[in-house]
Amino acid sequence: MALRHILSIDGGGVRGIVPAIVLEALDAEFKALGKDCRVADCFDLIAGTSSGAIVASGLALPRPGEDISASPSDIRRVFETDARRIFRRGWFCEIPIIGRLPQLFGPFYRPTGLSDILQENFGDMVMADARRNLMITAYSIDPRDIVLFRGGPAYEECPEGGQFGMVKVRDAVMGSTAAPTFFPPHRIMRPEGPDENGRDHWTAIDGAVYINDPTMAALTEAIRLFPGDDFRVVSLGAGRVTREYPFEQSRRWGFSQWVSPTGRFRTPLLSAMSDGQARAVGRQLHYLLGDDYFRFDYRLVQGRGSDRIDDATRGNIIRLTRGALEMVEEMRPKLRQLAKELQPVY
C-alpha cells in the first residue's frame, strides 16, 4: 500500500500569486535539504481551479521546447509581470462605481491578454503532454455539466485519456478561468468528436462557480486512480476572504445588491458561495485525513492584499506578496515537514 500525494490549488485571479509563493518556499526547503528534485515531481496528482489551473499546468507541463516544467519562481513571475495584461482596463474603468457599469452588460475584460500569455507558456501542448497527472476544473453551460479536464501518465490507458488527452492545455485553462462577468465563456471542441447526444463542444466557464477549492474532487479522483492506497493532501489557498456583510445592510438587499459588481461589497453572493465551498471542503478533509491534510492559506486582512480577483495594481501585488510571505513564516514547520517527507514519484 503506497502513500500518494495530492496537490490542490484554489482559484483567486490575481491572488494566484499566493500559492505560487508557497510552492517557491517549499522548493527552497528542498534545496536546503540537498534535494535536487522539482516540487511537481513529488505529487501523484495536481489539480487546479481558475488561476490555480494556471499554477497546476505550469507545474505539470514542460515548458515549450524544453524537457522540464516551470519552477514555482517562474510561475510567480507570471502573476507579478503579466497580471495587468490579463486584467487590462482603460482609464474609465478606474472611476469608482461608474467604471464598473460595463460589467453589468457584458464581460469586463477581453480574453486576448490571457490567451496570449497561455500561448507563450504552453504553446500547442495538450493535456496528454502533462508530465504529472493533471486535473483542471471547469463548468460547461452548453451542454450543462461539470468538466474535469485530465491528462498525464495515469490516464494513458483510461477513457479520460481519449476524452481529454488531445484538448489543448491553453483551452482547458481558458475555460477554467472564464469567470462570469469578467471574461466570456470559452468554447472547447471535443477532440474525440460528438458525444452520444451529438454535442461536439463544451462551453466552459470558471470552475470556481462550483468548486473553487478542488481538493475534494482531487482526492476522489486519486482514489479512483490509485485504489487501496493511502493519501496525503497539500491544499493551497489564494487568500481567504474576510469581507463581512452586516445584517442591517444585507437584510434589505435584493437581486442587484447580491450580484452587482458595482457596489462596495462586490458580488457578495458569488463571494459567499466560493468561500463557503472552500470552508466546507477544508472541514471535510480535516475530518477524513487528519494530519495528512495540509492547508496553506491566510486571511485577507488590511495590508495583506485585496479580495478582488482583478486588482492587478502594483500595490496590491506587493501586499499579496507580503501576506503570503508572512503566512509562509508562520507555517514554516509544516513546510519543513513536507520537504523532508516528500519524495519524487517514479
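Modeller: Keep in mind that this is a predicted model. Start with Asp 142, which has a relative accessible area of 25%.

Colleague: Why is Asp 142 called partly exposed?

Modeller: Buried means under 20% and exposed means over 50%. Asp 142 has 25%, so the residue is partly exposed.

Colleague: What makes Asp 142 and Arg 187 a salt bridge?

Modeller: A side-chain nitrogen of Lys or Arg has to be within 4 Å of a carboxyl oxygen of Asp or Glu. Here the N to O distance is given as 4.0 Å, and the pair is listed as a salt bridge. Asp 142 belongs to strand 3 and Arg 187 to strand 5, so the bridge ties together parts that are 45 residues apart in sequence.

Colleague: How many salt bridges does the whole structure have?

Modeller: The search finds 37. One of them joins the side chains of Asp 41 and Arg 132, at 4.0 Å from N to O. That pair links distant parts of the chain, 91 residues apart. Asp 41 is in the loop between helix 1 (17-32) and strand 2, while Arg 132 is in the loop between helix 4 and strand 3.

Colleague: Why are Asp 41 and Arg 132 called buried?

Modeller: The limit for buried is under 20%. Asp 41 has 14%, so it is buried. Arg 132 has 11%, so that residue is buried too.

Colleague: What makes Glu 192 and Arg 190 a salt bridge?

Modeller: Their closest N and O atoms are 3.8 Å apart, and the cut-off is within 4 Å. The pair therefore counts as a salt bridge. Arg 190 is buried at 11% relative accessibility, whereas Glu 192 is partly exposed at 39%. Elsewhere, bridges that share partners join Asp 10, Asp 213, Arg 295 and Asp 297 into one network.

Colleague: How many aromatic pairs are there?

Modeller: The structure holds 9. In one of them, the ring centres of Phe 87 and Phe 183 are 5.8 Å apart and the planes stand at 45°.

Colleague: Why is the pair of Phe 87 and Phe 183 called tilted?

Modeller: Rings pair if their centres lie within 6.5 Å, and planes under 30 degrees apart are stacked, while those over 60 are edge-to-face. With centres 5.8 Å apart the rings count as a pair, and 45° falls between the two angle limits, so the pair is tilted. The two residues are 96 residues apart, with Phe 87 in the loop between helix 3 (72-86) and helix 4 (112-122) and Phe 183 in the loop between helix 6 and strand 5. Phe 87 is buried at 9%, and Phe 183 is buried at 7%. Ring pairs also link Phe 87, Tyr 109, Phe 182 and Phe 183 into a cluster.

Colleague: How do you know that the charged end of Lys 35 sits over the ring of Phe 30?

Modeller: The charged end of Lys 35 is 5.3 Å from the centre of that ring. The distance limit is within 6 Å, and the charge must also lie within 35 degrees of the ring normal. The pair is listed as a charge over a ring.

Colleague: Which loop holds Thr 181?

Modeller: Thr 181 is in the loop between helix 6 (169-176) and strand 5 (186-189). Thr 181 has a positive phi of about 80° and is partly exposed at 33%.

Methods:
Residues numbered from 1 in each chain as written. Predicted model: local features only at pLDDT ≥ 70, side-chain atom pairs only at ≥ 80, totals over all residues. Heavy atoms only, no water. Helix = DSSP H or I, 4+ residues; strand = E, 2+ residues; numbered from the N terminus. Buried < 20%, exposed > 50% of the residue type's maximum accessible area, 1.4 Å probe, protein only. Phe/Tyr/Trp six-rings, centres within 6.5 Å; stacked < 30°, edge-to-face > 60°.
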